[in-house]
Amino acid sequence: MGMSVTISAATEQDAEQIFRLQYLCFQSEAALYGNYRIDPLVQTLDSVRAEVVGDCVFVARLGDEVVGSVRGSVTADGAAAIGKLCVHPRLQGHGIGARLLRAAESALTEQRGAKRFRLEAGHRSEGNLRLYRKVGYEAVGTSKGADGVPMIVLEKPAGAYAATA
């Protein structure tokens with residue numbers, strides 16, 4: 001690659017790059033479900049900015065370019081909701097998604113007291129589901145997204161993030 005990809009906490013200045021990357025990355029998910037109204041594609045830039053400020057957001061950088069992102073927040077019951085994990089299509093398959101997950105899991109546990117991690121993936125999103133299972137997540141149920149897409153709910157206990165390194 002020439003340069004190495006670094007993982008760091010996102011800053012407010014990253015919001016626009018995260019917004020554009022998210023729009024690019026979730027096109028394939030939208031096509032998979034024939035639904036271009038999925039949340040990552042209709043989210044506003046202001047909403048992304050608010051998440052960067054209030055949530056636990058990490059980015060993967062290649063030089064100055066944001067090439068990956070993930071977000072998480074802890075709910076009142078101690079569960080950390082992790083979402084909108086995305087890696088630029090040209091860099092997928094190189095472990096960046098797993099590194100982003102580890103960074104978010106670590107911060108959510110150490111800084112925000114998460115007791116377990118929860119995420120959702122579309123039922124047809126085999127690549128995503130494979131990654132989540134590989135890093136220790138197990139299916140615990142199903143749900144339906146606000147956009148109508150059937151989702152698989154996956155969880156793993158906090159503290160398990162070290163085992164995914």
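Buried means under 20% relative accessible area. Lys156, at 3%, is therefore buried. All views show a predicted model.

**View 1. Lys156 pairs with Glu105.** The side chains of Glu105 and Lys156 meet in a salt bridge, 3.3 Å from N to O. This pair links distant parts of the chain: Glu105 sits in helix 5 and Lys156 in strand 7, 51 residues apart. Glu105 has 0% relative accessibility, so it counts as buried. Strand 7 covers residues 150-157. The side chain of Lys156 also reaches the backbone oxygen of Val135, at 2.5 Å. Side chains of opposite charge can pair when their charged atoms come close.

**View 2. Helix 5 is largely enclosed by the rest of the structure.** The helix runs over residues 96-110. From first C-alpha to last it reaches 21 Å, close to the 21 Å expected for its 15 residues at 1.5 Å a residue. Of those 15 residues, 11 are buried. Among them are Ile96, Leu100, Leu101, Ser106 and Leu108. Glu105 is also one of the buried residues.

**View 3. Lys84 forms a salt bridge with Glu51.** The closest N and O atoms are 3.5 Å apart. Lys84 lies in strand 4 (residues 79-87) and Glu51 in helix 4 (residues 45-54). The pair links distant parts of the chain, 33 residues apart. Lys84 has a relative accessible area of 16%, so it is buried. Glu51 is buried too, with a relative accessible area of 18%. Both residues belong to a network of salt bridges that also links Asp39 and Arg71. A search of the whole structure finds 11 salt bridges.

**View 4. Arg116 meets Asp77 in a salt bridge.** The N to O distance is 3.1 Å. Arg116 is in strand 5 (residues 116-122). Asp77 is in the loop between strand 3 (65-74) and strand 4. The two are 39 residues apart, so this pair, too, links distant parts of the chain. Arg116 is partly exposed, with a relative accessible area of 24%. Asp77 is partly exposed, at 45%.

**View 5. Val140 lies in strand 6.** The strand spans residues 138-144. At 49% relative accessibility, Val140 counts as partly exposed. Leaving aside neighbours within four places in sequence, Val140 is in contact with Val153, Leu154 and Glu155. The C-alpha atoms of Val140 and Gly63 are separated by 38 Å.

**View 6. UniProt lists residues 5-159 as "domain: N-acetyltransferase".** The entry is unreviewed. The end C-alpha atoms of this span lie 25 Å apart. The span is 36% helix and 34% strand.

Technical notes:
Residues numbered from 1 in each chain as written. Predicted model: local features only at pLDDT ≥ 70, side-chain atom pairs only at ≥ 80, totals over all residues. Heavy atoms only, no water. Helix = DSSP H or I, 4+ residues; strand = E, 2+ residues; numbered from the N terminus. Buried < 20%, exposed > 50% of the residue type's maximum accessible area, 1.4 Å probe, protein only. Contact = heavy atoms within 4.5 Å. Expected span 1.5 Å × (residues − 1). Polar contact = N/O pair within 3.5 Å; in protein donor to acceptor, adjacent residues only side chain to side chain. UniProt positions renumbered as here; feature names shortened; annotations may be inferred. Salt bridge = Lys/Arg side-chain N within 4 Å of Asp/Glu carboxyl O.
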